[in-house]
Amino acid sequence: MSGAKSKFTSNEVRVLFFAFFSVVIGLMAVDFFNPSLPTIQKDLAVGQGTMKNLIVFYMIVLGLAQFFYGSFSDVKGRKIALATGLGVAAVGLFVGYTAHSIVALDISRVLTALGTASCTVISRALIVDTLQEPGKLRKAFSYFSMASQLSPAVAPLIGSFIGIHFGWHLQFLFFAAAVVAGLIMIASLMPETHPASARNQGPTGKVQAYTTVLKNVNFTSYSIASALIFSFTIAFYATAPFAFDALGVSPVGNSLFYILYAVSIICGSFCNSWISWSPKDTYIRGLVAYLVVFGVSAFSDLDSSLVKIGLFSVALGFISGMIAPLTLTLSMTTVETARGAASAVQGAIKMFFTGVLLLVFDSVVITGFSAIVLIFIGFAVALLALHLFTTAANRKEKVGA
């Protein structure tokens, strides 16, 4: 493939900007407020369990709402679906600004999740609508993965700064204003990538659209793989504080490892966008790399040295950044119609596995990184088994044809 063919046109760059903007806004709706959760808990005089339920409600609603935006955007268009979602999110954030009880805050987060679910769906749909060439699609999803790391890298810092100096209520108002500004920009400047002429193609019913993409073995398999790989990152961000606390590392030191991990993901995604191996070959090598890194880490006594933990963080982030975009590429290239529905299913699968992951780690007492690595080995084995199943299913389908 020549370099010229892989260069994005000005219109494609414009679409990619809005795809990246959408995913960052959607992620920031979570990351922006995480540092203030203990403060909110004390201010509202509720227990830690109640605050955890707040997160669970958000994730459940976020996952389920994506089905609506997937079919809605396939029928009405990407632009109106994203604009509608951001409008709902802005209302939810304003409710958070006025909240003085946990019930009001629950309502706020449910509304916000209902709205930001559009960001997850539409961001990916914009890419697959616009880019048909495999090389461009692979590079776009690599940049997409890099853009997603902007939120965990900067949102907690900005959000905590506002929370400390102005209070957590102002965090909600500030982010609501940012969402409204984004809504205006999208309504004014974002191109429609799913025109009316294309909306009558493919499955017509909502249920039929979802069942069609789910019957696609490659789509379903690589979507599940995408969720499992995403689980590595969620687990790292969610469990590292407990591991570092047990090892006597301060929250500031913890945040430095977060930055290190985010940078490693960006480097891995950048490498994937230029590597010469085919997507499938790169993906297989990534699975092997996971097993090697986790196997070595399991016998290296990570908890004895912060340097070892740092090396583990870099390796995990780099591999995840390199192959996570490939699962999106390998799944979406086989979907020719109902791409909004396909994007919605991908998002819902990710949220489902995130919930499962949280339950797994909730059942384990985290006293260091050793327990985390053992669970990661289980996920890596599941990824390898899933790949073998997919390969066998494809071979069987070819023989049947």
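Look at Arg-78 and Asp-129: their side chains meet in a salt bridge, with N to O at 2.6 Å. By salt bridge I mean a side-chain nitrogen of Lys or Arg within 4 Å of a carboxyl oxygen of Asp or Glu. Arg-78 sits in helix 4 (residues 78–98) and Asp-129 in helix 5 (residues 102–130), so this pair ties together parts 51 residues apart in sequence. Helices here are DSSP runs of H or I, at least four residues, numbered from the N terminus.

Quick caveat: this is a predicted model, where local features need pLDDT of at least 70 and side-chain atom pairs count only at pLDDT 80 or more, while totals for chains, interfaces and linings use all residues. Residues are numbered from 1 along each chain as its sequence is written, and side-chain values use heavy atoms, leaving out hydrogens and water.

Back to Arg-78, which also pairs with Asp-74, at 2.9 Å, N to O. That gives a network of salt bridges linking Asp-74, Arg-78 and Asp-129. Is Arg-78 buried or exposed? Buried, at 0% relative accessible area; the cut-offs are under 20% for buried, over 50% for exposed, partly exposed in between, with a 1.4 Å probe and protein chains only. Asp-74 is buried too, at 11%.

The count comes to 3 salt bridges, and one of them joins Glu-12 and Lys-136 at 3.0 Å, N to O. Glu-12 is in helix 1 and Lys-136 in helix 6, 124 residues apart.

And disulfides, meaning cysteine sulfur pairs within 2.5 Å? The search finds 0. For Cys-271, the nearest cysteine sulfur, on Cys-267, is 9.2 Å away.

Conventions. A disulfide is a pair of cysteine sulfur atoms within 2.5 Å. Helices (H or I, at least four residues) and strands (E, at least two) are DSSP runs, numbered from the N terminus.
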